[in-house]
Amino acid sequence: MSQAVEVTAIDEQPRKEKTNLLGLSASRIGDFLESLGEKRFRGTQILKWIHQQGVTDINEMTNISKGLRASLSEVAEVILPEVVSVQDSVDGTRKWLIRMDGGSCIEMVYIPERDRGTLCVSSQIGCALDCSFCATGKQGFNRDLTAGEIIGQLWIAAESFDQFDPKTKRRVTNVVMMGMGEPLMNFDNVVDAMNLMLDDNAYGLSKRRVTLSTAGMVPEVDKLGDVSDVSLAISLHAPNDELRNELVPINRKYPLQTFVDSAKRYLDKMPDNRRKITVEYTLMDRVNDRDEHAKELSVLLRDLPCKINLIPFNPFPGSGYKTVTKVALGRFRDILHNDGYTVTVRTTRGDDIAAACGQLAGEVNDRTKRQERYKKRLDEEQVQEQVVKIIE
Ligand code: SF4
């Protein structure tokens with residue numbers, strides 16, 4: 001009896017939450033060690049163990065004294081998100097479904113190309129912005145990812161490609177913050193995670209190889225320019241406010257010209273004046289793909305050092321849009337090209353595993369009810385289609 005009482009008493013002790021070292025940037029890990037009365041430089045050793053050697057057990061960090069390892073293990077740990085599944089496309093694209101704390105899942109994609117390998121990383125579970133042509137937007141929104149959950153995606157990819165073995169050639173050479181979510185709505189965590197991507201004691205990627213893509217968070221673009229110099233991509237998708245209000249609702253708050261101006265200010269803050277903004281433009285059949293749209297876009301961007309990336313829309317169930325025709329795509333590209341712009345067309349990759357741009361959906365415990373409304377609409381449309389078929 002007395003034994004049972006003792007056990008109950010122990011069970012009722014609140015579990016002290018440990019600090020997850022995974023998402024701590026160099027300065028944060030230094031602060032953390034200092035708060036424990038330890039030397040800041042130990043942080044560099046810990047960063048290297050976690051992000052360059054793939055070690056997650058503090059006791060295996062053997063150049064740290066046994067005493068420190070023991071006391072650190074009392075208050076800290078390295079916890080990674082859980083990989084639920086991995087799918088490989090015939091074209092070499094790889095997609096992971098990754099479960100985060102709380103049960104929701106995000107998707108992450110790796111796209112190999114001749115001269116590089118790009119990892120498309122998510123910053124939020126779902127997305128609050130609800131762009132009309134985006135599968136992620138239809139999933140609603142759950143929460144921001146922590147810095148550990150963001151950098152954890154890169155860790156998972158590195159481990160998956162055996163990159164922690166120094167003899168293995170690095171497969172992930174570029175990271176784009178273009179997965180699920182609007183990165184600048186999760187500013188601090190995204191900046192911390194990007195700092196780890198750039199840190200020579202962690203992943204050591206060059207600032208040109210880490211790209212943040214935003215749909216138009218103007219104040220945060222300005223803020224980003226004060227603390228970071230990663231490459232910036234702006235998702236425009238329309239050349240005028242009327243159309244963009246419809247496709248990218250955040251435009252009603254921050255209109256197109258203010259967005260383009262913020263990108264220009266971002267470049268002005270860079271010490272290197274050869275940097276360019278990447279402009280992303282998803283082309284949908286007879287929505288934003290006409291000649292006049294290309295001409296309007298050309299005028300809009302004339303003062304912005306940029307390259308334009310055209311993305312043929314990747315359809316998903318119930319999207320209501322069709323992809324651009326080859327003819328319209330060619331005309332759009334030529335108009336911009338003839339006006340002096342560098343234009344690339346993004347080739348669709350990972351189509352067979354629904355990993356193409358704009359198709360990432362994950363499994364979001366939606367807090368916004370948007371997913372429910374979207375599914376209801378989809379069901380109603382399917383019923384209507386069946387009725388039409390029966391009548392025919
Ligand atoms: S396009 Fe980007 S910003 Fe817009 S809903 Fe999708 S994930 Fe969010």
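Strand E10 spans residues 210–214, and four of its five residues are buried, so the rest of the structure largely encloses it. This is a predicted model.

E10 pairs with two strands. Strand E9 (residues 174–177) runs parallel to E10, joined by three bridges. Here Met177 has Leu212 of E10 as its bridge partner. Between these strands the chain passes through helix H7 (residues 187–198), and the β-α-β crossover from E9 to E10 is right-handed.

Strand E11 (residues 231–235) also pairs with E10 in the parallel sense, over four bridges. Ser213 stands opposite Ala233 of E11. The chain gets from E10 to E11 through helix H8, again in a right-handed β-α-β crossover.

## Helix H8 against helix H10

H8 covers residues 218–227 and H10 covers residues 256–268. Their axes come within 9 Å and cross at roughly 0°. The two helices are therefore roughly parallel, an angle under 35 degrees being the cut-off.

On the H8 side, the contact uses Val218, Val221, Asp222, Leu224 and Gly225. H10 contributes Thr258, Phe259, Ser262, Ala263, Arg265 and Tyr266. By class, the contact of H8 with H10 has six nonpolar, three polar and two charged residues.

## The E3–E4 hairpin

Strands E3 (residues 82–88) and E4 (residues 94–99) run antiparallel, and six bridges join them. Val86 stands opposite Trp96 of E4. Five residues lie between the strands of this hairpin, where Gly92 adopts a positive phi near 95°.

Key:
Residues are numbered from 1 along each chain as its sequence is written. This is a predicted model: local features need pLDDT of at least 70, side-chain atom pairs count only at pLDDT 80 or more; totals for chains, interfaces and linings use all residues. Two strands pair if DSSP finds at least two bridges between them. Axes are lines fitted to C-alpha atoms, for helices over the stretch in contact, and angles run from 0 to 180 degrees between N-to-C directions. Angles under 35 degrees count as roughly parallel, over 145 as roughly antiparallel, 65 to 115 as roughly perpendicular and the rest as oblique. Two residues are in contact if their C-beta atoms, placed from the backbone, lie within 7 Å. Ala, Val, Leu, Ile, Met, Phe, Trp, Tyr, Cys and Pro count as nonpolar, Asp, Glu, Lys and Arg as charged, and the others, Gly among them, as polar. A residue is buried if 20 or more other C-beta atoms lie within 10 Å of its own, exposed if 12 or fewer, and partly exposed in between; C-beta atoms are placed from the backbone. A crossover is right-handed if, with the strands pointing away from the viewer, the path from the first strand over the helix to the second runs clockwise.
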